[in-house]
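Look over the sequence and the structure before reading on.

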Amino acid sequence: MNKTLLIILGVLVLLVLSAVGTYNGLVGNSQAVDASWAQVQNVYQRRADLIPNLVQTVQGAANFEKSTIVQVTEARASVGKVQINQNQAPTDPAQLAQFQQAQGQLGSALSRLLVVAENYPDLKATANFRDLQAQLEGTENRISVERGRFNSAVQAYDTKIRTFPTVLFAGMLGFQQKPYFQATAGAETTPAVKFDFGAAPTPAK
């Protein structure tokens, strides 16, 4: 075996080892994104699970604003209509945007409900409401944290597949860019509150 052939074989071996290492790295990054996505799903589900008890509790308050309760229940139902894989991060920006929009509407409806509740001292004084409020606020903070971690994982993954030489074959191996959560316009603004005390009291279910 001549020297030239040995050099060619050596280069081929290095290329194969490099490709294997890069592929394994991409798999690891992709799995990190999926794991972060699963955590995002967990905290959003935690928020959704709190809503039935919260709605039932505020319905027990005399003359509690009916429209606010309806907005929360409808927003929760809208979230359930968004079909999205719970265990695999989306690759379609439009799909993530739809999910984010539905979750944003639910968050706004819940924020408004808590603002309205400030006008019901008897409701605020109940241990059940205080406990639910604390759990909800904690969950919202957790959602913010997990969304940030998800975006960081996506950033690391997207950076890797766009870096030379990975960019040359990442697409051929099925690794596509993944979308981020976007900042919600107006999220920093306190929701407007319009009371409808003249509406008929909502009977507790």
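A polar contact is a pair of N or O atoms within 3.5 Å; within protein, one must be able to donate a hydrogen and the other to accept it, and residues adjacent in sequence count only if both atoms are side-chain atoms. Helices (H or I, at least four residues) and strands (E, at least two) are DSSP runs, numbered from the N terminus. This is a predicted model, where local features need pLDDT of at least 70, side-chain atom pairs count only at pLDDT 80 or more, and totals for chains, interfaces and linings use all residues. Residues are numbered from 1 along each chain as its sequence is written, and side-chain values use heavy atoms, with hydrogens and water left out.

Q: Which residue's side-chain oxygen reaches the backbone nitrogen of T4 at the start of α1?
A: The contact sits at the start of α1. The oxygen comes to within 3.2 Å of the T4 nitrogen. It belongs to N2.

Q: How far apart are the end C-alpha atoms of helix α1?
A: Helix α1 covers residues 3-59, which is 57 residues. The expected span is 1.5 Å times one less than the number of residues.

Q: Where in α1 does a kink of about 30° lie?
A: The bend at a residue is the angle between axes fitted to the seven residues ending there and the seven starting there. The kink comes shortly before the proline P52. It lies at I51.

Q: Is T57 buried or exposed?
A: Buried means under 20% relative accessible area, exposed over 50%, partly exposed in between (1.4 Å probe, protein chains only). T57 is in helix α1, and its side chain makes a polar contact with that of N128 at 2.8 Å. T57 has a relative accessible area of 14%, so T57 is buried.

Q: What is the N to O distance in the salt bridge of E140 and R47?
A: A salt bridge is a side-chain nitrogen of Lys or Arg within 4 Å of a carboxyl oxygen of Asp or Glu. The side chains of E140 and R47 meet in one, at 3.0 Å. The pair links distant parts of the chain, E140 in helix α5 and R47 in helix α1, 93 residues apart. The N to O distance is 3.0 Å.

Q: How many salt bridges does the count come to?
A: One of them joins D34 and K178, the closest N and O atoms being 3.7 Å apart. R142, E146 and R149 are linked in a network. The count comes to six.
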